[in-house]
Amino acid sequence: MTQQSIAPVVASTTKKVGFISLGCPKALVDSERILTQLRAEGYEVAPSYEDADTVIVNTCGFITPAVEESLNAIGEALDATGRVIVTGCLGERPEKILERHPKVAAITGSEAVDDVMAEVRKLIPLDQNPFLSLIPGTLPGEVKLTPRHYAYVKIAEGCNHRCSFCIIPKLRGLQVSRDAGSVLYESYRLIAGGTRELMIISQDTSAYGVDVRHRESEFQGRQIAAHLTDLARELGELGVWVRMHYVYPYPHVEKVVELMSQGKILPYLDVPLQHASPRILRLMRRPGAGKQLDTIRRWRDICPELTIRSTFIVGFPGETEAEFQELLDFLEAAQLDRVGAFPYSDVEEADANALPDAVPEDVKQQRLERFMEVAQRISTARLAQKVGRTLDIIIDEYNDDAEDLAAGDVPGTRLIGRSEGDAPGIDGQVYLYAGDFAGQIKIGDRVQARIEESDEYDLFGEVVALKPWQLSVPQLGHFPRH
């Protein structure tokens, strides 16, 4: 799934930069870093093309539809402003960009904050005012493209796998892990600023720290190893929701699941399994071929409340009807809570392009529909099991409409939130009636709600209690006096 936004940020200067962010949460973190640097140097970030002196497009280059979306966005920005800087994954393939859009001002690769800023300075240099930097408040802090109460924290860049359908190692290089201290200090600062949910992301979260031999680094006077289990344990002490994404089913993940069973981090795993047929998994060059079901059963034995999300590819080259049925049978046996699927599409330079026996497009679409029918039925049944239970919910937004307010409802009577089993943007939502708590609940608060109904993907209920966060991080503006 991709997302696109022109970030509305206000600063004090006359040079304005439009920004379009495409792709996955990992790219979103890169966008936040570029936007933060723009603001720190005194640029405004324009809310529209009309206001922009130039536009930065942070692209996705993973699959063909994402490449096309990126190229279309570049063209739209060029038509509107005439000056575009391209960065991100597709920037690693400048010839593809220049073939379609030879008039782009500059192209940089992924994770290229310094290169992007150098191009911005050349294209629209700031008027140097030696007094501006002395005025308090003219260099505001970091930019976030997510709501204040949740944030993505990227713990590593790149990937060491050689999956046949993927070119991420070619685009972003081999894995480079951050020190645990760096991740923890960033998380600490985010929580101090109001973040209540941390989504931990990388290309392969389970492999975190392997490239640096799990070296130790300092956090609050202690040495913490760059290992997923150690990092998860430390994050679990900060008092907020911690959600794990892009987790490969390695043996040591069981230790992380144990932390979930102890209530340290959310009982949620986003595990990109991709298929169930051992032969197709070998063609994909995926780890753990044929062992996923046993692994899932062990995880659920350790933590019965575990929510498992996964994504799959249907119509991979050579996939037979029997192997597709094997995938459907796996879905039935695994009873995964949240599932997404994509029909296979060629990715330029991916090894899978050369595999024989391509599946016809109409067959891919038929298989996708059959897959989603099974996944939806499983999701409906699993959510129905939550009816009658009381769950912890984080509040994302108000859901009052004008008619309800005109009828006398207090603002904040109707709310939209998520359970521990729902990641923002990709999973379901919980629609709540606040009842006696109307007007008392803020965005980012946590409540307890009795679930009264469910459908294919969402839950519906009523707030029965407030559940304050038990933070171990002092809040900005609320530090204790000494």
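Is Asp211 buried or exposed, or does it count as partly exposed? The first numbered point takes up this matter, after a word on conventions. The model is a predicted one, in which local features need pLDDT of at least 70 and side-chain atom pairs count only at pLDDT 80 or more, while totals for chains, interfaces and linings use all residues. Residues are numbered from 1 along each chain as its sequence is written, and side-chain values use heavy atoms, with hydrogens and water left out.

1. Asp211. With a relative accessibility of 31%, Asp211 counts as partly exposed; the terms are buried for under 20% relative accessible area, exposed for over 50%, and partly exposed in between (1.4 Å probe, protein chains only). Asp211 sits in the loop that runs between strand E9 (197–201) and strand E10 (216–219). Helices (H or I, at least four residues) and strands (E, at least two) are DSSP runs, numbered from the N terminus. Not counting residues up to four places away in sequence, Asp211 touches Gln175, Val176 and Ser177, where contact means heavy atoms within 4.5 Å. Between the C-alpha atoms of Asp211 and Ala226, which are 15 residues apart along the chain, the separation is 9.6 Å.

2. Leaving aside neighbours within four places in sequence, Ser206 is in contact with Leu228, Tyr246, Val247, Tyr248, Tyr250, His252 and Val253. Arg213 is found in the loop between E9 and E10, but is exposed, with a relative accessible area of 77%. The phi of Arg213 is positive, at about 55°, although Arg213 is not a glycine.

3. Tyr246. Tyr246, one of the residues in contact with Ser206, has a positive phi of about 55° although it is not a glycine. Tyr246 is located in the loop between strand E12 (241–244) and H8.

4. Helices H8 and H10. How do the axes of helix H8 (residues 253–261) and helix H10 (residues 292–302) cross, and at what angle? They come within 9 Å and cross at roughly 30°. These axes are lines fitted to C-alpha atoms, for helices over the stretch in contact, and angles run from 0 to 180 degrees between N-to-C directions. H8 and H10 are therefore roughly parallel to each other; angles under 35 degrees count as roughly parallel, over 145 as roughly antiparallel, 65 to 115 as roughly perpendicular and the rest as oblique. The crossing of H8 past H10 is right-handed, meaning that the near helix is turned clockwise from the far one by less than a right angle. On the H8 side, Val253, Glu254, Val257, Glu258 and Ser261 meet Arg298, Trp299 and Ile302 of H10. By class, the residues of this contact of H8 with H10 are four nonpolar, one polar and three charged. Here Ala, Val, Leu, Ile, Met, Phe, Trp, Tyr, Cys and Pro count as nonpolar, Asp, Glu, Lys and Arg as charged, and the others, Gly among them, as polar.

5. The buried side of H10. Gln292, Thr295, Ile296, Trp299 and Arg300 are the buried residues of H10. They cover an arc of only 130° around the axis, which puts them on the same side of H10; the arc is that of the directions from the helix axis to the C-beta atoms. The elements against which these buried residues of H10 pack include H8, strand E13 (268–270) and helix H12 (361–384).

6. Helices H11 and H12. The axes of H11 and H12 come within 10 Å and cross at roughly 15°, and H11 and H12 are therefore roughly parallel to each other. H11 passes H12 in a right-handed crossing. Among the residues of H11 that meet H12 are Phe324, Leu327, Leu328 and Leu331. The contact of H11 with H12 comprises eight nonpolar, one polar and five charged residues.

7. Helix H4. In helix H4 (residues 113–123), Val116, Met117 and Val120 are buried. Viewed down the axis of H4, its buried residues fall within an arc of 95°, so they line one face of the helix. Asp114 and Lys122 are exposed on the other side of H4. The buried residues of H4 pack against strand E1 (16–21), helix H1 (25–41), strand E3 (54–59) and strand E4 (84–88).
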